[in-house]
Amino acid sequence: MKKSTRRHDLRRIRTQHTYSVQETADLLKVTKGTVREWLKNGLPKLEGGRPILIHGAYLKDWLAERQASRKKPCLPNEMFCLKCRLPRKSKPASARAIPRNEKTFNVTALCCQCDARMNRIAAKSKLEQTCRSFDIQTIPQPRLTESDIPTVNRDLEKECTK
Ligand SMILES: [Zn+2]
């Protein structure tokens, strides 16, 4: 089943109201299957209810929290897995850092949960920190050619003599 990534209109939920699975589905324009999946994933239902009843206040809170966590940026040792649709840690020893340009490099790793390839762009200034977070052993050395250092000095000189 395709997971919905759509944001739900939480204003439609009346917090003083209880909803059946069907009513919840109608209210938020999702399928009953989606609502059942939410229940399986922790959406609180009323104790002992048959048919299942969902309290509006809980429904609203649960969905709001879920939507907020989607926006949550990855932790320093996580990357966003497009397959899981969640920030994930990398599989041990799967991470590599590849320089992209002068200011950034690309970190690539496999998702610890589903093995999908994940990518993250990081600033070169955070290279060491990032490599430590993802346990990258081979830190790519910035291509430091002989001309690099004098260039910096020359630029500085220019700056100073302006
Ligand atoms: Zn994954």
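**Note on the predicted model: zinc site, hairpins and an aromatic pair**

1. Trp38 is buried, at a relative accessible area of 3%; buried stands for under 20% relative accessible area, exposed for over 50%, and partly exposed for what lies in between (1.4 Å probe, protein chains only). Trp62 also counts as buried, at 15% relative accessibility.

2. On provenance: this is a predicted model, in which local features need pLDDT of at least 70 and side-chain atom pairs count only at pLDDT 80 or more, while totals for chains, interfaces and linings use all residues. Residues are numbered from 1 along each chain as its sequence is written, and side-chain values use heavy atoms, with hydrogens and water left out.

3. The structure holds 1 aromatic pair. The ring centres of Trp38 and Trp62 are 6.2 Å apart and the planes stand at 50°, so the pair is tilted. The criterion is that rings of Phe, Tyr and Trp (its six-membered ring) pair if their centres lie within 6.5 Å, with planes under 30 degrees apart counted as stacked, over 60 as edge-to-face and the rest as tilted. Trp38 sits in helix H2 (residues 32–40) and Trp62 in helix H3 (residues 56–71), so the pair links distant parts of the chain, 24 residues apart. Helices (H or I, at least four residues) and strands (E, at least two) are DSSP runs, numbered from the N terminus.

4. Which residues coordinate the zinc ion? The donors are the SG atoms of Cys81, Cys84, Cys111 and Cys114, at 2.2 to 2.3 Å. Donors are N, O and S atoms within 2.8 Å of the metal (3.2 Å for Na, K and Ca); water is not among the atoms, so sites may look incomplete. The angles among the 4 donor atoms are 103 to 113°, and the site is tetrahedral, a label for four donors that requires all angles to lie between 85 and 135 degrees.

5. The zinc donors follow the sequence spacing C-x2-C-x26-C-x2-C. Cys81 belongs to strand E3 (residues 78–81), whereas Cys111 is in the loop between strand E6 (104–110) and strand E7 (117–123), so this pair ties together parts 30 residues apart in sequence. Both Cys81 and Cys111 are buried; for Cys81 the relative accessible area is 0%.

6. How many disulfides does the structure hold? The count is 0, with a disulfide taken as a pair of cysteine sulfur atoms within 2.5 Å. Cys112 is in no disulfide, and the nearest cysteine sulfur, that of Cys111, is 5.1 Å away. Cys112 counts as partly exposed, at 34% relative accessibility.

7. E6 and E7 run antiparallel and are joined by 7 bridges; strands pair if DSSP finds at least two bridges between them. Phe105 has Ala122 in E7 as its bridge partner. The two strands form a hairpin with 6 residues between them, and Asp115 in the turn has a positive phi of about 70°.

8. E3 and strand E4 (residues 86–89) are also antiparallel, with 4 bridges. The bridge partner of Glu78 is Lys89 in E4. This hairpin has 4 residues between the strands, and Arg85 takes a positive phi near 60°.

9. Asp9 lies in the segment before strand E1 (18–20) and is partly exposed at 31% relative accessibility. The side chain of Asp9 makes a polar contact with that of Arg11 (3.1 Å). A polar contact is a pair of N or O atoms within 3.5 Å; within protein, one must be able to donate a hydrogen and the other to accept it, and residues adjacent in sequence count only if both atoms are side-chain atoms.

Notes:
Tetrahedral: all angles 85-135°; square planar, octahedral: opposite > 155°, others 65-115°.
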